[in-house]
Amino acid sequence: MSKSKSSESVKVVVRCRPMNEKERAAKYESVVSVDVKLGQIIVRNPRESSGNELPKIFTFDAVYGWNSKQLEMYDETFRPLVESVLLGFNGTIFAYGQTGTGKTYTMEGVRNDPEKRGVIPNSFEHIFTHISRSQNQQYLVRASYLEIYQEEIRDLLSKDQSRRLELRERPDTGVYVKDLSSFVTKSVREIEHVMNVGNQNRSVGATNMNEHSSRSHAIFVITVECSELGVDGENHIRVGKLNLVDLAGSERQTKTGAQGERLKEATKINLSLSALGNVISALVDGRSSHIPYRDSKLTRLLQDSLGGNARTVMVANIGPASYNVEETLTTLRYSNRAKNIKNKPRINEDPKDALLREFQEEIARLKAQLQKRSGKKKRRLRRRAGEGSDDEGLESGETEDDEEDGDDKGDYWREQQEKLEKERKAILEDHSLVAEEKARLLKEKERKMEDFRKEREAGEKLAAKVKAMESKLLVGGKNIVDHTNEQQRMLEQKRQEIAEQKRREREMQQQMESRDEETLELKETYTSLQQEVDIKTKKLKKLFSKLQSVKAEIQDLQEAHINERQEMEQIQNELTRDLKLKHLIIENFIPLEEKNKIVNRAFFDEEPEEWKMKPITRIEDDHQMMSRPRSAVGYWRPLSHHARVAMMLKPDMRYKAENIIMLDMDIPARTSKEYQEPVIAPKLAAALEDALRDEDEIEVDASSFHSSLGQMLPSGRPRTGKKSSTPTSSYSPSSPGSPLYPQSRGLVPK
Ligand code: ADP
Ligand code: MG
């Protein structure tokens with residue numbers, strides 16, 4: 001399984017970005033100087049009072065100044081790593097540092113400026129160029145993109161962005177993200193598209209993109225599988241996985257005053273980063289046997305990259321301005337420790353979960369199926385040709401004679417179609433057949449044609465599937481001897497050689513520096529005592545200054561440690577306060593019995609690291625408990641002693657606890673009024689009186705009902721003319737002054 005058992009250190013490089021507009025405008029001084037030759041970063045203390053304080057010097061595998069080029073950095077630092085991923089090693093590139101120091105610039109860069117493209121797009125180019133130049137190899141490249149925010153994993157390529165994914169572990173392949181989507185990509189353009197989709201999704205969920213990106217870790221994963229014929233005549237698959245990690249900003253999240261949700265957020269945001277720090281410390285101090293990978297999602301996911309089966313490059317990004325000096329020093333110390341992590345990378349050969357193997361097997365299976373199909377047809381045709389019943393059969397039989405010829409499949413299909421069509425026509429034109437027979441034959445032919453069409457479609461579908469699957473497997477371009485291609489490759493090789501040369505020079509310089517003191521001593525032969533004293537004094541001075549700087553470093557570290565401890569204590573205090581509040585609520589609002597039940601049901605689930613509740617199980621014995629308790633026999637409700645006594649003493653409804661209510665009938669209130677005659681104004685009454693008085697023109701013989709009329713016409717009560725419809729026969733014109741038929745006088749003009 002393993003080809004290289006040797007261990008190698010995590011490579012740490014530091015990149016210092018240029019001053020930005022704001023810093024230049026505010027005239028901040030630069031406190032960082034970069035010694036590219038020696039691979040050293042020198043940080044001055046910006047405080048005035050510390051005039052005689054020595055600058056702090058850190059040495060790394062490589063350092064890059066403000067004018068470093070993306071491509072130069074890629075060739076020197078990242079290309080060898082990606083190259084080894086193509087060989088089947090796992091590789092990881094981290095960008096670590098304070099927000100705004102160029103992590104994203106280093107990883108992604110400026111998208112549409114080829115000069116300023118970062119590691120991720122450059123690696124795309126690198127990988128696909130490598131594949132196009134390969135020979136006798138089959139490749140499968142796929143990409144995934146995920147984000148960790150507040151210890152939750154989001155798949156940036158999934159349609160459902162609200163879903164959170166979980167980590168799982170398998171003994172053979174280690175930790176993986178369950179249900180993480182991955183896309184097979186065939187070209188630089190396709191994989192770039194995948195990255196863009198992920199980046200868009202990254203900003204979708206965030207209200208404030210800057211803040212969000214500075215608090216979340218983004219991991220772009222490229223898996224390259226390569227299949228090659230081994231010396232044993234078998235196909236062997238190597239799988240390399242490249243993790244490209246843009247970490248959250250390393251600055252301390254201010255925790256002061258945070259409570260509840262915000263406190264939770266603050267403690268969670270940097271959890272992964274502080275866990276990363278702890279893992280690094282545990283790995284390098286050599287004393288601890290336990291490495292706390294499990295403390296965070298990030299460290300679990302990248303477990304292999306830290307002390308495991310991977311090559312790792314860590315890029316520490318810093319800013320040059322004086323006001324950032326504290327963060328810069330913290331970053332440098334953090335990455336300085338990481339230098340000492342030892343990894344054991346090896347080539348992953350023939351792993352169980354290689355997708356390429358699955359693809360190859362599936363293609364082989366489909367091809368066999370296709371073969372079988374066409375084989376069946378051929379046999380059928382040959383059989384028919386053997387019968388020699390008709391010319392068409394013979395003809396096609398002849399064409400199919402060349403057995404292994406699969407190319408003229410199209411012709412074959414066409415011929416078959418034509419043949420069936422011809423037969424159909426023949427039936428149609430054959431007058432010797434009875435109509436019924438004809439219809440039956442026609443139907444049969446049509447059915448045959450339909451079957452034939454279906455079969456053809458299925459075959460085509462199968463062929464298309466095979467083609468689609470094969471297209472995903474990449475093989476080297478045929479133009480391998482292409483002149484420009486060759487030249488380009490030479491150029492790249494030269495560039496790489498130069499980079500390698502530079503690296504070696506730097507290493508030698510570093511070694512020389514460290515041996516300086518010894519060599520000095522060895523070279524010297526003292527001619528006199530005085531000279532010896534002089535030289536030793538010089539050396540003493542040098543050593544003394546070194547001692548001083550180490551002492552200062554120790555003090556700095558102690559201070560940083562104390563700060564960290566104080567912060568942790570503060571968090572602890574706040575958490576304790578929070579806990580006390582929860583306790584108070586529980587004590588006061590949850591009965592002890594219920595609390596105990598909950599405590600008994602609760603259990604801790606290790607995988608998502610959450611407390612969960614076991615489902616309620618209803619045991620038969622519990623049945624009694626479920627029924628309603630009765631305090632008095634014969635009653636449904638619990639009754640107090642007092643109520644029972646009171647009920648017996650007087651029939652007070654109050655103590656009748658059952659559903660018996662006694663109520664008086666409700667008499668509804670009257671809503672109408674008595675009828676009252678309208679009151680007539682005196683003036684109107686007088687006028688009517690007047691109008692009704694002397695009726696000399698109408699003569700009515702009212703002698704017969706005079707008496708009744710007297711009653712009918714009380715004074716002051718007008719009668720309308722309705723009564724005038726009385727039959728004329730009863731008129732008595734000889735009675736003047738009769739009040740029965742009044743004549744309007746003056747009220748209505750005649
Ligand atoms: P981070 O991701 O660490 O928060 P960014 O990558 O977003 O920081 O960088 C912040 C700004 O600094 C960006 O505008 C970026 O273009 C600029 N920048 C960072 N590093 C460099 C560099 N080496 N050269 C030029 N500009 C840089
Ligand atoms: Mg960023």
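This is a predicted model: local features need pLDDT of at least 70, side-chain atom pairs count only at pLDDT 80 or more; totals for chains, interfaces and linings use all residues.
1. A polar contact here is a pair of N or O atoms within 3.5 Å; within protein, one atom must be able to donate a hydrogen and the other to accept it, and residues adjacent in sequence count only if both atoms are side-chain atoms.

2. Residues are numbered from 1 along each chain as its sequence is written, chains are lettered from A and ligands numbered from 1 in the order in which they are written, and side-chain values use heavy atoms, with hydrogens and water left out.

3. Which residues surround ligand 1? They are R15, R17, P18, Q98, T99, G100, T101, G102, K103, T104 and Y105 (a residue is near a molecule if one of its heavy atoms lies within 4 Å of it). Helix α3, residues 103-107, gives the largest share of this shell, with 3 residues (helices are DSSP runs of H or I with at least four residues, strands runs of E with at least two, numbered from the N terminus). Sorted by class, the shell has 2 nonpolar, 6 polar and 3 charged residues (Ala, Val, Leu, Ile, Met, Phe, Trp, Tyr, Cys and Pro count as nonpolar, Asp, Glu, Lys and Arg as charged, and the others, Gly among them, as polar).

4. On a 1 Å grid over the protein atoms alone, a cavity is a set of points where a 1.4 Å probe fits but cannot get out, and a pocket is an open set with protein on both sides within 12 Å along at least five of seven lines; lining residues have an atom within 4 Å of a point. Grid points are joined across faces, edges and corners, and a volume is the space filled by probe spheres set on the points. The count comes to 1 cavity of 30 Å³ or more, and the largest cavity has a volume of about 50 Å³. Its lining consists of M107, E108, I120, Y145, A218, I219, F220, L244, V245 and D246. Strands β13 (216-229) and β14 (235-246) each supply at least two of the lining residues. By class, this lining has 8 nonpolar, no polar and 2 charged residues.

5. The second largest pocket holds about 1300 Å³ of space. It is lined by 47 residues, and T173, V175, Y176, K241 and D353 lie nearest its centre. Several elements each supply at least two lining residues, among them β8 (137-149), β13, β14 and α11 (355-387). The classes here are 18 nonpolar, 15 polar and 14 charged residues.

6. R506 lies in helix α15, residues 483-523, and counts as buried because its relative accessibility is 5% (buried means under 20% relative accessible area, exposed over 50%, partly exposed in between, with a 1.4 Å probe and protein chains only). A polar atom of the R506 side chain lies 2.9 Å from the backbone oxygen of D61. S134 sits in the loop between α4 (119-133) and β8 and is buried at 7%; a polar atom of its side chain lies 2.6 Å from the backbone oxygen of I131.

7. Is N136 buried or exposed? N136 is exposed, since its relative accessible area is 73%. This residue is found in the loop between α4 and β8 and, although not a glycine, has a positive phi of about 55°. E151 also has a positive phi, near 65°, in a residue other than glycine. E151 is placed in the loop between β8 and β9 (152-155) and is buried, with a relative accessible area of 10%.

8. Finally, V85 in helix α2, residues 70-86, is buried at 1% relative accessibility. V85 and V224 are 139 residues apart in sequence, yet 7.4 Å apart in space, C-alpha to C-alpha.
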